[in-house]
Amino acid sequence: MKIGVLTGGGDCPGLNPVIRAVVRRGMSEGYEFVRIKNGWKGLLENDILELNINTVAGILPKGGTILGTSRTNPYKKAGDLEKLKANYKTLGLDALIAIGGEDTLGVAAKLISDGITNVVGVPKTIDNDLSCTDYTFGFDTTINIAMECIDRLHTTAESHNRIMVVEVMGRHAGWIATEAGIAGGADIILIPEVPVDMDEVCAVIKKRHDRGKTFSIIVVAEGAQFKDKSLITKEEKLDAFGHVRLGGMGEILAQEIERRTGYETRVSVLGHIQRGGSPTAFDRVLGTRFGVKAVELVKDKKFGKMVALSGNKIIDVSIKDAVKELKTVDMDLYAIAKVFFG
Ligand code: F6P
């Protein structure tokens, strides 16, 4: 059995533990692995390398991905799909293990239904927005980094009597904002699932001031939207999957808070800092469990399946179902976050 392994989309802590687990589990079956570089781009350009026990030695604690990654969509440009098909054949691959989020696995689902490749999927994203799995690896590391940043910002907010706005990633789901916000004791958490009402935000800040709390920490997801649509004006850049490049919400929010309340308001955009560095123990273990299971799915020829976490069990689900719709924030969890607003 010859298996290609690729990572697509944004890099994410925990990718290397998955790659290591895939190779280590596959070795016991006598499988041969191929390192496809930079996601689907590597399969289009035949950019491949060897992948063996030595390649994966020492990578468990490393952030990012030793395979490289890209946001290449082989369904975008005419002729690319034929190239991919030909390369898959020439390489003599029996299967692919695709480690990625909604976009990478969306391509995987199409390749399977178009009869081009055999694929098993592994869910990756710091955004935790993939359906059919309770958690994706990478998310835990990200919320821990964001929590630490919020803790640090608390000291300056309190010392200087400032409002601190912290913008976190997460695309169109507010998981990072909600969980990092709860963990960091945010006074307000704003997510894409709930339109931002500036009157409510300012009322909460003023209420805090009235009870002597002359500082506030506001965590805002990059994908949050104002109720009042006139408040946002931004040039929209799209990636190969048609996604808008987000960012800038924190700045607009801070300006509006300062304008309405008169309180000094500063912004910190965590950006790629929250995606970098060594994975937490949780993400290393989850990545390892996912990697081992992915090889077992290939062994059982369960193509079209994605490994997933359900409670504390690793299961398999259909890739198609997993990419059908985004998993947005559970409103029961957001209701818990709201208990601490103000
Ligand atoms: O999907 C992961 C993610 O980090 C999102 O939270 C964010 O919107 C996006 O990727 C940023 O992508 P890039 O690194 O390509 O700008």
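Okay, let's start at strand 1, residues 2–7, which is where I3 sits. Quick note on that: helices (H or I, at least four residues) and strands (E, at least two) are DSSP runs, numbered from the N terminus. Before I go on, this is a predicted model, so local features need pLDDT of at least 70 and side-chain atom pairs count only at pLDDT 80 or more, while totals for chains, interfaces and linings use all residues. Residues are numbered from 1 along each chain as its sequence is written, and side-chain values use heavy atoms, with hydrogens and water left out.

Back to I3. I3 has a relative accessible area of 0%, so I3 is buried; buried means under 20% relative accessible area, exposed over 50%, and partly exposed in between, with a 1.4 Å probe and protein chains only. Setting aside neighbours within four places in sequence, I3 is in contact with Y31, E32, F33, V34, L93, A95, L96, I97 and V298, where contact means heavy atoms within 4.5 Å.

Now the overall layout. The protein chain splits into domain 1 (2–138 + 279–322) and domain 2 (140–276), with bounds from an automatic or database domain assignment. The C-alpha centres of domain 1 and domain 2 are 33 Å apart. The contact takes 20 residues from domain 1 and 16 residues from domain 2.

So where does the largest pocket lie? Both domains give residues to its lining, so the pocket lies between domain 1 and domain 2. Its volume is about 600 Å³. Of the 36 lining residues, the closest to the centre are R71, M169, R171, E222 and R275. For the record, the search runs on a 1 Å grid over the protein atoms alone, and a pocket is an open set of points with protein on both sides within 12 Å along at least five of seven lines; lining residues have an atom within 4 Å of a point. The volume is the space filled by probe spheres set on the points. Helix 4 (102–113) and strand 6 (163–168) each supply at least two lining residues, and helix 4 gives the most, with three. The lining divides into 10 nonpolar, 12 polar and 14 charged residues.

On to D187, in the loop between helix 6 (175–184) and strand 7 (188–190). D187 counts as buried, at 7% relative accessibility. Beyond its neighbours within four places in sequence, D187 is in contact with several residues, including V204, R208, F215 and F340. A polar atom of the D187 side chain lies 2.8 Å from the backbone nitrogen of I217.

Last stop, a few asparagines. N87 is in helix 3 (residues 80–90) and counts as buried at 12% relative accessibility. Apart from neighbours within four places in sequence, N87 is in contact with L43, L44, E45 and N46. N46 lies in the loop between helix 2 and strand 3 (48–51), and at 34% relative accessibility N46 counts as partly exposed. N46 isn't a glycine, yet has a positive phi of about 55°. N38 also has a positive phi of about 55° without being a glycine, and you'll find N38 in the loop between strand 2 (32–36) and helix 2 (40–45).

Terms used. On a 1 Å grid over the protein atoms alone, a cavity is a set of points where a 1.4 Å probe fits but cannot get out, and a pocket is an open set with protein on both sides within 12 Å along at least five of seven lines; lining residues have an atom within 4 Å of a point. Ala, Val, Leu, Ile, Met, Phe, Trp, Tyr, Cys and Pro count as nonpolar, Asp, Glu, Lys and Arg as charged, and the others, Gly among them, as polar. A polar contact is a pair of N or O atoms within 3.5 Å; within protein, one must be able to donate a hydrogen and the other to accept it, and residues adjacent in sequence count only if both atoms are side-chain atoms.
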